[in-house]
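Trainee: I'd like to learn how to read aromatic pairs, charges over rings and sheets. Can we go through them one by one?

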Amino acid sequence: MLAMLPVFLSILLCFPTLLLHSNGEYITQEAQFLERLHLPSAGPESIAFDAAGGGPYTGISDGRILKYVNASVGFLEFAITSPNRSKELCVGNGDVALDYVCGRPFGLGFHHQTGDLYITDAYHGLMVVGPNGGVATQLANAADGVPFRFTNALDIDSNTGMVYFVDYDSQFSVNEFSASLQAHDMTGRLMKYNPESKELKVLLGGLGGAAGMAVSKDGSFILIAEAITKRIRKFWMEGPKATTWEILKEFTVSPANIKMNAEGEFWVAFLVGDDTGSCPSQQQSPGLRITGDGMILEAISLETRGTISEVAVHDGKMYIGSPYLHFVDVYAWPSKSHQREELME
């Protein structure tokens, strides 16, 4: 990523803003910090766990996908996304000019029936690697004749095994992220890949910076985070509204990754933070728990200082992803009792 991008994000995103009730009250829950899982390079953009609960797995900026083993071992290399990758050039790489050679994995998702890990690499498109890791295989680098420019988030329907993913835009690469924001680019796409037939289909275009997505628990809809337009779209896949979409929620800051929890709710991360830590206002929650209807259930406050890209909840813990940090922070989920302290929309 461009060295100045965190600064640009701070200017764009960190005006004094609040997520407010209609009555003006700001409600948040402070997450309890548990531990920091250190990485050999920056950028744990997304978090995943395998069917056995192993992990977390995460991709980092030098092109590797790592698996956390335990406190004694830490992270070990699990997979790489670039077949031409050179350890000498890439390990610990911070040079964006080498990103294409080294790879840059963003979205991760396990197919729990097969054990395969599906990956969206910003440069190499949709990829997959087997349960034992290794060099990932490219499945697609274009759709409908239009090359992928910045393949970003993905999710897998646990009921059907279908793989859904987004291309942030069709005009700018990941290293031109700032330009896409300034241009108000609206060329992002949502796609579906069938692992059995190998068929790739574009479901929806015209997205304003497709930064995150998640499939609902029953597979009837998909939520898509748009960073440029600062909103979440709901795309219907089943029922009377199938193939149509609606604006589910609009925000004053940019949403990033969306992750569904075991209860079928969604954690939305927000690109809040600057190059020194967090927004000067200290008033914007980095993560919200919402329903599929857009109702806000919970806002969180974190000790983590830096731009946040993902809030992933697994086994009662919250794992925090980031495009820039050299670690994954782990918290206790504040709402352990799963009580629904519903916030007004």
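Mentor: Rings of Phe, Tyr and Trp (its six-membered ring) pair if their centres lie within 6.5 Å; planes under 30 degrees apart count as stacked, over 60 as edge-to-face and the rest as tilted. Here ring pairs link Tyr57, Phe78 and Phe110 into a cluster. Bear in mind that this is a predicted model, where local features need pLDDT of at least 70, side-chain atom pairs count only at pLDDT 80 or more, and totals for chains, interfaces and linings use all residues. Residues are numbered from 1 along each chain as its sequence is written, and side-chain values use heavy atoms, with hydrogens and water left out.

Trainee: How many aromatic pairs does the rule give?

Mentor: It gives 13 aromatic pairs. Take tyrosine 68 and phenylalanine 75: their ring centres are 5.1 Å apart and the planes are at 65°, so this pair is edge-to-face. Tyrosine 68 and phenylalanine 75 are both buried (under 20% relative accessible area, 1.4 Å probe, protein chains only).

Trainee: Which charged end sits over the ring of tryptophan 245?

Mentor: A charge counts if NZ of Lys or CZ of Arg is within 6 Å of the ring centre and within 35 degrees of the ring normal. For tryptophan 245 that's arginine 233, 4.0 Å from the ring centre. Arginine 36 lies over the face of phenylalanine 327, 3.7 Å from the ring centre.

Trainee: And the sheet: what order do the four strands have?

Mentor: Strands are DSSP runs of E, at least two residues, numbered from the N terminus, and two pair if DSSP finds at least two bridges between them. This open sheet runs 14-15-16-17, with antiparallel pairing. Strand 14 (151–156) and strand 17 (200–207) each have a single partner strand, so one side of each lacks a neighbour in the sheet.

Methods. Buried < 20%, exposed > 50% of the residue type's maximum accessible area, 1.4 Å probe, protein only.
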